[in-house]
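Here's a walk through one protein model, from its overall build down to a single helix and the ligand site. Have the structure open as you read.

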Amino acid sequence: EVNIDAAGRGPAIDPTMYGVFFEDINRAADGGLYPELVQNRSFEFDPADNQDYHPMTAWTPVAADGGQGTAEVVDDDGRLNERNRRYLRLDLAGNARGSYGVTNAGFLNGLRTEAGKTYEFSVWARTDRPSGTPLTVRLTDGGTDLADPVRVEVAGDGWTKYTGRFTAKSTSSTGSLSVTAEGTGTVALDMVSLLPQETYKNHGLRPDLAEKIAALNPGFLRFPGGCLVNTGSHEGYEAPGWERKRSYQWKDTIGPVEQRATNANFWGYNQSYGLGYFEYFQFAEDIGAMPLPVVPALVTGCGQNQATDDPQLLQRHIQDTLDLIEFANGPATSPWGAKRAEMGHPEPFGLTHIGVGNEENLPDEFMQRFVQFRDAIKAAHPEITVVSNSGPDDSGEIFDRAWQLNRDHGVEMVDEHYYNDPAWFLANHHRYDAYDRNGPKVFLGEYASKDNRWGNSLAEAAYMTGLERNADVVNLASYAPLLAHEGDVQWSPDMIWFNDEKSWGSTSYETQKLFMNNVGDEVVPSTTAEDESFRQVVTRDNATGELIVKVVNAQAEAATAQIDLGDTPVEPTARATTLEGDPAAVNSGDSAPIRPRESTVDGVSSSFSHEFPPNSVTVLRIKPA
Ligand code: AHR
């Protein structure tokens, strides 16, 4: 039996309660949400970043029609700029005929083109040949042109951006892009880029991925990590902007893309920062989500225990954080607001929350630095909520100490992370019932049950009923990680999967979407028998007065429940959305057994019975009469 006190009032639920956490893990950014098709476009890859990398990674020299030359990546005074230091030099001294150049193999399998779609090519180039250097740019697969070649005339020895456009004649997932030069002399190339013309809201992101994220109706977007943010050596925090293995620092990621560095990514591959802080803020705005950036706290997290003890460096990072707030919120006349305006967004982005640090294993060292960030931010921007964290676990010594310190220092919000077995999620739905209502609020920034099967999603959904019931403590929550390219996975399970051709939502994507689109504005008190595999939460949509009843039946048998609404008169027909299936089921690129089913439920009254299918999540929307 589910007893609902329909006239009762529970905690208010923030409209931002459920959101998404984007981290560049599993190739989520370059070649993913940021749909660059050329890998190592600026020739910056280096064995220091990854032992398999070298400056010509993904590039191969190529000659046509008897062309001759040499291709060498150089780093000298002729560079494009200080952040983008290396470039490709094609020496064509002996090139009496034909053409010589390089071909790029794309990311994991090759470049993806789709017949009829348009692709924007660009390159920065210069030549020492007085009459100029003609370039031929080709999109091919196995020697066959996927589109008509593009011709570019490089003129002059100053770096200039040249552009061209392809319309693909055929579809391929194994294409490559070649750039070959004719004539003699030396031509320099950098930032060789190919991007699909069609992007989400014309803001540069891959449409199917952005649309799937938008369909979740996220209340917030946490970015850019995760371990990506805060793990770096002491040297990483202080290294100059172009140096390898520099920790993720937001100022490296804004401005013209050719002036953004390429950096080693915590997850083992390189990141171009083509998806940078401006793009994150803009994406958050485009999907109606509150932006929630996370900056490094100068204590390495993610299993590494190193606290940077350098007061000057700490002050520089604190100032960077203040500058970030100005970049997001400052007037277009302010120094950092002007940079935002130059990038095309004079209006502020409306930043209200900022995270400092991620999963530090040294709670005392972290807190000592966190309070300095927090106090500086609050002094200048008292309206900003500064989010701390509780380390990498759901409990234990680090967790307890971190929480103690968070309480002692009057922290506003604490980011908790945990990845556990489904049984843990089923057994712990009461976790937040006992949290101190007067203590810090919780941001459950990362959680998932460890697999991508429907049984995992059922356990997560059962757990989410407890999050929602405790919305006065748990103000924000996001499943993690968000994206994974099936060809290069560092972390699984994940919410949305993709390859170069398509994307698909996991079973947990479906539960998240169902909850996130049926949150409600306040909790309505409800009870049921104590059973960890039959959970419920009820909320009210204030605009329509509807009661939103979410029921998770994680049992192998159907459960018929009497739903008792007290004296509240309701419409006889309710809307239902149901997810159900075999707990072992997996949604894949080929088949998605777990999909929502919409239906109407008749015979609804102030006391009615309803059968919940085995292994199901159901949302009933009941209208007041
Ligand atoms: O979500 C994947 C990783 O899990 C995050 O980078 C980190 O914060 C956590 O350990």
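Domain bounds here come from an automatic or database domain assignment. On that basis the protein splits into three parts, and domain 1 and domain 2 are each made of two stretches of chain. Keep in mind that this is a predicted model.

| Domain | Residues |
|---|---|
| Domain 1 | residues 2-13 + 522-622 |
| Domain 2 | residues 20-32 + 199-516 |
| Domain 3 | residues 59-196 |

How far apart are the C-alpha centres of domain 1 and domain 2? They lie 31 Å apart. Where these two domains touch, domain 1 puts in 30 residues and domain 2 puts in 27 residues. On the domain 1 side, four strands each supply at least two residues: S29 (534-540), S30 (547-553), S32 (574-580) and S35 (616-622). S29 gives the most, with four residues. Sorted by class, that side of domain 1 has 16 nonpolar, nine polar and five charged residues.

There's also a record to set beside this division. An unreviewed UniProt entry lists residues 445-616 as "domain: Alpha-L-arabinofuranosidase C-terminal". Over residues 445-616 the chain is 37% strand and 15% helix, with the end C-alpha atoms 25 Å apart.

Now for the whole thing. The protein has 11 helices and 35 strands. Its radius of gyration is 27 Å, close to the 25 Å that the globule rule gives for 625 residues, so the protein is as compact as a globular protein of that length. The C-alpha trace spans about 90 × 55 × 40 Å along its principal axes. Buried residues account for 50% of the 625 residues. As for contacts between residues at least 6 apart in sequence, 76% join residues at least 24 apart.

Helix H4 is worth a look. This helix covers residues 277-286, and eight of its 10 residues are buried. Which residues of H4 are the buried ones? They are Tyr277, Phe278, Glu279, Tyr280, Phe281, Gln282, Phe283 and Ala284. Their cover includes strands S15 (220-223) and S18 (290-295), along with helices H5 (311-329) and H6 (335-342). Just after H4, Gly288 takes a positive phi of about 70°.

Last stop, the ligand. There are 14 residues around the ligand, and Gly226, Cys227, Glu359, Ala480 and Pro481 come nearest. By class, the shell has seven nonpolar, four polar and three charged residues.

Key:
Residues numbered from 1 in each chain as written. Predicted model: local features only at pLDDT ≥ 70, side-chain atom pairs only at ≥ 80, totals over all residues. Near = placed C-beta within 6 Å. Nonpolar A, V, L, I, M, F, W, Y, C, P; charged D, E, K, R; others polar. UniProt positions renumbered as here; feature names shortened; annotations may be inferred. Contact = placed C-beta atoms within 7 Å. Rg over C-alpha atoms; globule rule 2.2 N^0.38 Å. Buried ≥ 20, exposed ≤ 12 C-beta atoms within 10 Å, placed from the backbone.
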